[in-house]
Amino acid sequence: MADQGPRDESARAADVFALLQRVGGASGAEPALEWLARRTGGTAAVVADDGSVTASAAGRPSRAALAAVRALRLRGAPSGVTGTGRGRTAQVVALGQGESLVVEGRADDRHGPLLADAARVLELALRSQEYTRDRRRMETARARGREAVLHLLVGGDVALAHRVSGAMGDRLPGPLRVCVVEAAAAERGAAAARLERVAAGAAWIVPCPVRSRHVIALVPAGVAGWERDALAELPECRIGTSAEVALRDTALGYEQAFHALTAARGAPGRGGRFSSHDTLVPPLGPAGARWAAGVLGPCLAYTPARRSDPDAAELLDTLASWLTFGTGADRHLKIHRNTLTARVRLLEQLLETELLTGVAGRATVWLALRLRTPAAAQGPGDAPGLPALLAAPAAQRWAGARTRPLGASGLDAVRAWLRAGTRLAEAAAALGISPPGLRKRLVRAEDALGRSLLHAPSATHELWLALRALGEL
């Protein structure tokens, strides 16, 4: 072909620029092929060696054109031109990775340089797409692996969590703080990516499997200033941070972080740290552990009738998840909501208590899960009942400290709400106020306690036990 003049070179550069503008987006090669089809007055397609059409514009290649691709590949020719009948030709240019660019239309040898340039641009675009797909698959696999490890930690299986994280090439932090970051649902992915940059590999960042607006971060306790840097990087977000907890207490750390996030709702800095307080577990001691073993005994001894049914460990895992996440436990456990309900009903039968409708049953089982230790059933002494446990002086002191921040008005609202089984309308009627009025009082109670009440994980179980200890229920 004769040398091109400056004007031809300028037109060729304009064509290449037009092609570059049309590649690299989410639509893949189609926009570039559409432009190429208009530019040549024919059809344009990317065809694999086996004759399958990966992408096309302005129609699909004819059978003759597809046969030409296969013939050229068999001969090892990188490009060629062949007639396809009725004055039309198919021009084929190899792209690499077993694909070819095929432009079919009226014979026009002026398109040779254009197709050579287009092939280079499309090759780069296709490889870039392939890399992007592979990277996203790897990121998805890594995110699912981290979610699985988080699930194991919340369930208390620390040894298996270590093995899985090690197989992934990651290392779990030792003593840590759990952070819950709240962002707009549509921005959660971007927020997680920015948190990864802030953490610089020091923290585990996991999108919450239950709440679409939350990102969970497991941050080593020795990392200073992480919340400050994260809030600066995410001016539209709020962050709740737990107290320092051991890895085996990740579930407790998550609850603390969730409560801190609730407290951060009205904080000017958009961040909150859990204000640690004494729990009921140490005051109840070995006697409490023996009581818990008795409460959970029927579940621990359960053997399913069929191998496909959940065993005792799965039922306990379901119970802990349901008490933490409520109706969101199906998303946490990756089971159908009907399956979740069926398991909770089975637990009601085994434990002989109301869980779906009774606050008392949920609070009792919640405490039993917190007090349970492997050796408790073999411990000396008889197991006392719950009233005797809550009547102990240490439990009474704990109950007073737990309810004192509420004040008289808050205490009345929470007591009525718990007596009504957390049903707003029924509790509001008992108080002689409207349901929105009661909700406002409960929100003020949340602020006073620094704990979530209206959303799971909720401090409902703790408050029921405290009020029961004080004779308020």
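Predicted model: local features only at pLDDT ≥ 70, side-chain atom pairs only at ≥ 80, totals over all residues.

Trainee: What makes S7 and S8 a pair of strands?

Mentor: Two strands pair if DSSP finds at least two bridges between them. S7 and S8 have 4 bridges, in the antiparallel sense, so they meet that condition. A hairpin through 6 residues joins S7 to S8. Strands are DSSP E runs of at least two residues, helices are H or I runs of at least four, and both are numbered from the N terminus.

Trainee: Which strands make up the sheet, and in what order?

Mentor: The order is S7-S8-S6-S9-S10, in an open sheet of 5 strands with mixed pairing. Strand S7 (204-207) and strand S10 (271-273) are at the edges because each has a single partner strand, which leaves one side of each without a neighbour in the sheet. From one strand to the next the twist averages 15 degrees. S9 (residues 238-241) runs parallel to S10, and 3 bridges join the two; Thr-241 has Arg-273 in S10 as its bridge partner.

Trainee: How do you know that helix H8 packs on this sheet?

Mentor: Helix H8 (residues 250-263) touches strand S6 (176-182), strand S8 (214-220), S9 and S10, contact meaning heavy atoms within 4.5 Å. The direction of H8 makes about 45 degrees with that of S6; angles run from 0 to 180 degrees between N-to-C directions, with axes fitted to C-alpha atoms.

Trainee: What is the arrangement of the other open sheet?

Mentor: That sheet has 5 strands in the order S2-S1-S5-S4-S3, with antiparallel pairing. Strand S2 (53-57) and strand S3 (79-85) are its edge strands, each pairing on one side only. Strand S1 (residues 43-48) and S2 share 4 bridges, and Ala-44 has Ala-57 in S2 as its bridge partner. Helix H2 (residues 30-40) lies across S1, S2 and strand S5 (99-106), at about 50 degrees to S2.

Trainee: Why is H4 called roughly antiparallel to H5?

Mentor: Helix H4 (residues 112-154) and helix H5 (residues 158-167) pack at about 165 degrees, with axes 8 Å apart. Angles over 145 degrees count as roughly antiparallel, so H4 is roughly antiparallel to H5. In this contact, Val-149, Leu-152 and Leu-153 of H4 meet Val-158, Leu-160, Ala-161, Val-164 and Ser-165 of H5.

Trainee: Why is Ser-321 counted as buried?

Mentor: Its relative accessibility is 3%, and buried means under 20% relative accessible area with a 1.4 Å probe, protein chains only. Ser-321 therefore counts as buried. Ser-321 is in helix H10 (residues 312-325) and, apart from neighbours within four places in sequence, is in contact with Gly-326, Ala-329, His-332 and Leu-333.

Trainee: Which residues of helix H15 are buried, and what covers them?

Mentor: In helix H15 (residues 393-403) the buried residues are Ala-395, Trp-398, Ala-399, Gly-400, Arg-402 and Thr-403. Their cover includes helix H9 (281-300), helix H14 (386-391), helix H16 (407-419), helix H18 (435-449) and helix H19 (460-469).

Definitions and conventions
Residues numbered from 1 in each chain as written. Heavy atoms only, no water. Parallel < 35°, antiparallel > 145°, perpendicular 65-115°, else oblique. Buried < 20%, exposed > 50% of the residue type's maximum accessible area, 1.4 Å probe, protein only.
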